[in-house]
Amino acid sequence: MSSVTPFPCQNPDSRFDSGTESVPEPLWVQQDLRVPRYDDAVFSRPELSQIISDAEENRRMFAACSRDRSGKIISSLREWARRSVLEEAARYTSELTGNAVELPNDLNERLLLITGHQPALYHPGVWMKNLLIGKVARQTSGLSLNLIVDNDLVSSTSIRVPQGSRSAPSLTDIAFDESIKQKPWEETTIQNPELFRTFSERVEAALKQWPDLPAPLLHDIWPAAISQMNASDRLADCLAAARHAQEQRWGVENLELPISRLCTTSPFLWFACYLFKFADSFRATHNELLAEYRKVNRVRSKTHPVPELSEQDGWIESPFWIWRAGESRRHQLFVKRDQEKILLSDGTNEIAALPMQENCDLSAAIEVLKQLPAQGIRLRTRALTTTLFARLFLGDLFVHGIGGAKYDEMTDRIFTRFFRLTPPRYLTLSATKFLPFCEPYDVQQCDETCLKRILRDLDFNSDRHLTSNQMSEAAPLLERKQSLIREQQAATADQERSGDRAERRRINRHRFRELRQIDAELTGLTTKLREQINDDLVSVRQQMDANAVIQSREMSFVLYPEPVLKALFEKLTFE
């Protein structure tokens, strides 16, 4: 729990903004955000060369927000939040590494770059975000923070490892812990310590059938995960410790902070209370923007990029999760104004009553929220709200993956319509690196398409594929076919002058049947070619199926040799 003094708020009943009635809003444009398809490719929007200048521009913009109707100063809110959150991050990072982390006295004067993801053993394209912000922070003498999204649900306790042969590779699951009922990461502890301890050995044994693949990074980082298990049985902590240990070896010194701990800081609770207070207005803005996003991007799903916020009997859904310790299911959070209080509910039971008079600050409400953890109640942010808080109150630049960048198109417009602030810039980053366990086949989708086209042509135009000897043998058939084609063309040109429609149709049917018969006879001359094309098609499809495994970008980063990952890391240049 943060010990930072709450921000002194005057006239907190008013909305804070930049002092203007309206702020220019970015136009809706359908974004073409796609993961890189090719090996060793990095995707960035905007270009990496802009990352420092964009962060500095965001910093200047927030520093200039010195007026608003409520008397709050945006820059002061950010200073309060930044110090509180970074102190909590320093505490957690010290616990993770076993070494004290000292924050600079002038932390508010330094650039702060932020990213975040679930604490899973994800693919290298996700990891690049962590490595980038650390690299930029080191070069600019700034700070970097990785938010561990431990309020999301655990999707798997295993990774997929390639097996089989080059011609028929497959992916098999190797577990680092027992399968569990799906629940939030922060509620998940290691169920089978021995399975966790032997994870690296079992993965390395499975990879030995690929002699060209050097030792995986897992061999070097897993001791840190085992060591952390002796201090904390939280699965998220152990996986984060393994990843962080390697980042440190490469000179990346990111601060780490789980969302579960971010959500206990006073600035975050202030932010939550603010959205509770204006829940009806926020819901209206949120749903309006969601409808616009879906129209522009032609999205029909009711859950993409996020669900609508609902309302029933005065209970308004707020963009947070709530649940009790030990529960596997997260609940939507609903709020309701009751005279001088705001009630919180999980949709079934009332959770808390926050004092919220029209002309008072939020301190009393924050104190009530601070008591929830002692009651085993978890108040947590959702994805959109996480980046909204991080971009508004904390960072000078947020680095998204492609998924996060899609829903932050909405966040940009929440800045303009709800907060009446210019949205800060952010960067979208992803990468593709294939695991080099064997060589992919030199085959593409166009190869299959070409072979299928030839097979179709053999059905109707076998004469195009005959040899010289076959052409001589089939000369009478070919002459008759050309004659029938000329007759058909002539009949088409003369059909307006033809008087007997029934007779014309009879002749056309007879001609069509004769053409089909000739094509069938010509097809018989290309049987061997057809068999060869079919064999080639089977081979191409088998090779494409093999490549789907060999060129999968979803392999966990722990399977890669360190030099391969380091080479990808070094592609992150921004000068």
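Let's start with a pair of side chains: glutamate 186 and arginine 378 form a salt bridge, and their closest N and O atoms are 3.8 Å apart. Glutamate 186 sits in the loop between β5 (169–175) and α4 (193–197), while arginine 378 belongs to strand β12 (residues 377–381), so this pair ties together parts that are 192 residues apart in sequence. Keep in mind as you look around that this is a predicted model.

Is this pair buried or exposed? Glutamate 186 and arginine 378 are both buried. For glutamate 186, the relative accessibility is 10%, and that is why it counts as buried, the cut-off being under 20%. Asparagine 151 is 35 residues away from glutamate 186 along the chain, yet the C-alpha atoms of the two are separated by 6.1 Å.

Now zoom out to the whole protein. It has 575 residues, and 52% of them are buried. Its secondary structure comes to 19 helices and 14 strands. If you put a box around the C-alpha atoms, along the principal axes, the box would be roughly 100 × 65 × 50 Å. What radius of gyration does the protein have, and what would a compact globule of 575 residues have? The protein has 32 Å, whereas the globule would come in near 25 Å.

Back to the charged pairs. Side chains of opposite charge can pair when their charged atoms come close. Arginine 234 and aspartate 237 meet through their side chains in a salt bridge, at 3.0 Å from N to O. These two residues, arginine 234 and aspartate 237, are both buried. Salt bridges can also share partners, and here that joins Glu25, Glu288, Glu292 and Arg417 into one network.

Arginine 34 has a relative accessible area of 61%, so it is exposed. Aspartate 32 comes to 46%, which means it counts as partly exposed.

Which residues form a positive surface patch? Arg501, Arg505, Arg509 and Arg513 do. Take arginine 501 as a way in: you'll find it in helix α17, which covers residues 501–524. Arginine 501 counts as exposed because its relative accessibility is 53% and the cut-off is over 50%.

One is a cis peptide bond between arginine 45 and proline 46, where omega is about -5°. Proline 46 lies in the loop that runs between β1 (41–45) and α1 (51–63). Another cis peptide bond joins histidine 304 to proline 305, again with omega about -5°. To find proline 305, look in the loop between α10 (279–297) and β7 (311–312).

That loop between α10 and β7 is also the place of arginine 298. Its phi is near 55°, a positive value in a residue other than glycine. Is arginine 298 buried or exposed? Its relative accessibility is 73%, so arginine 298 counts as exposed.

Move on to the loop between β7 and β8 (315–324), and you reach aspartate 313. Aspartate 313 has a positive phi too, near 55°, and is likewise a residue other than glycine. With 62% relative accessibility, aspartate 313 counts as exposed.

One last stop is asparagine 105, in the loop between α2 (74–97) and β2 (112–117). Asparagine 105 has a relative accessibility of 74%, so it counts as exposed.

Key
Residues numbered from 1 in each chain as written. Predicted model: local features only at pLDDT ≥ 70, side-chain atom pairs only at ≥ 80, totals over all residues. Heavy atoms only, no water. Patch = residues over 30% accessible without salt bridge, like charges linked within 9 Å, V, L, I, M, F, W, Y side chains within 5 Å. Areas by Shrake-Rupley, 256 points an atom, 1.4 Å probe, with all protein chains shown as cover. Salt bridge = Lys/Arg side-chain N within 4 Å of Asp/Glu carboxyl O. Lys, Arg positive; Asp, Glu negative; His and termini not counted. Charge placed at Lys NZ, Arg CZ, Asp CG, Glu CD. Helix = DSSP H or I, 4+ residues; strand = E, 2+ residues; numbered from the N terminus. Buried < 20%, exposed > 50% of the residue type's maximum accessible area, 1.4 Å probe, protein only. Rg over C-alpha atoms; globule rule 2.2 N^0.38 Å.
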